[in-house]
Amino acid sequence: MSLDYCPRCGKLFSRTIREICFNCHQELEKDYERVVQFLKENPGLTLNELSDATGVGVKQITRWVREGRISIAMAPNLVIACEVCGTPIREGTLCESCRRRLAKEVKRIQTPVVRREPDASVSREDTYHITDRLRDR
Ligand SMILES: [Zn+2]
Ligand SMILES: [Zn+2]
């Protein structure tokens, strides 16, 4: 267990599986429920409209979509951006062409997997965390 500053509220907390403190996690869960509820009542909203209406950031909603917590089937107009080129996509992190290009590159390089992370979802969250931080600068 290690101490870290919560990236959301700046308080010191003991970092376990979550990258934010318990309070922020609770608040985020409330935000999440609000967003989902709002989307149920207004399924035609776009990402920006949903963000404006609920006060929850576009980045956070995007993350939930990527994590599969917000179902695209629920929101036909909700699109997120490809992390590489910004093309609107419906799920995941990359658009079709970036995915294909990446798969090709991986094949070409043939990097052996040295070490597997014990928990894939945790490492993925960390990746988001780092890119979010970079974007904020
Ligand atoms: Zn916090
Ligand atoms: Zn792309």
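Helix axes are lines fitted to C-alpha atoms over the stretch in contact, and angles run from 0 to 180 degrees between N-to-C directions. On that basis, α1 and α3 pack at about 80°, with axes 11 Å apart. The model is predicted: local features need pLDDT of at least 70, side-chain atom pairs count only at pLDDT 80 or more, and totals for chains, interfaces and linings use all residues. Side-chain values use heavy atoms, without hydrogens and water, and residues are numbered from 1 along each chain as its sequence is written.

**Overall layout**

- The chain has five helices and four strands. Both are DSSP runs numbered from the N terminus: helices are H or I with at least four residues, strands are E with at least two.
- From the N terminus on, the order of elements is β-β-α-α-α-β-β-α-α.
- Of the 137 residues, 28% count as buried. Buried means under 20% relative accessible area, exposed over 50%, and partly exposed in between, using a 1.4 Å probe and protein chains only.
- Among contacts with a separation of 6 or more, 33% join residues 24 or more positions apart. A contact means heavy atoms within 4.5 Å.

- α3 is mostly covered, with seven of its ten residues buried. These are Q60, I61, T62, R63, W64, V65 and R66.
- α1 and α3 are roughly perpendicular. Angles of 65 to 115 degrees get that label; under 35 counts as roughly parallel, over 145 as roughly antiparallel, and the rest as oblique.
- On the α1 side, L28, D31, Y32 and V35 meet Q60, I61 and W64 of α3.
- The axes of α2 (residues 47-54) and α3 come within 9 Å and cross at roughly 120°. That angle makes α2 oblique to α3.
- L47, N48, L50, S51 and T54 of α2 make this contact with V58, I61 and T62 of α3.
- The crossing of α2 and α3 is right-handed.
- Just after α3, G68 takes a positive phi of about 80°.

**Aromatic pair and ring charge**

- The whole structure holds one aromatic pair. Y32 and W64 form it, edge-to-face, at 5.3 Å centre to centre and 70° between the planes.
- Rings of Phe, Tyr and Trp (its six-membered ring) pair if their centres lie within 6.5 Å; planes under 30 degrees apart count as stacked, over 60 as edge-to-face and the rest as tilted.
- The pair links distant parts of the chain: Y32 is in α1 (residues 22-41), W64 is in α3 (residues 58-67), and they are 32 residues apart.
- Y32 is buried at 16% relative accessible area. W64 is also buried, at 3%.
- R69 lies over the face of Y32, 3.9 Å from the ring centre. A charge sits over a ring if NZ of Lys or CZ of Arg is within 6 Å of the ring centre and within 35 degrees of the ring normal.

**Two loop residues**

- K11 lies in the loop between β1 (2-5) and β2 (12-15). K11 is exposed, with 52% relative accessible area.
- Leaving aside residues up to four places away in sequence, K11 touches D4, Y5, C6 and N23. The C-alpha atoms of K11 and N23 are separated by 9.9 Å.
- T93 sits in the loop between β4 (88-89) and α4 (96-109). T93 is partly exposed at 26%.

Notes. Chains are lettered from A and ligands numbered from 1 in the order in which they are written. A crossing is left-handed if the near helix is turned anticlockwise from the far one by less than a right angle, and right-handed if clockwise.
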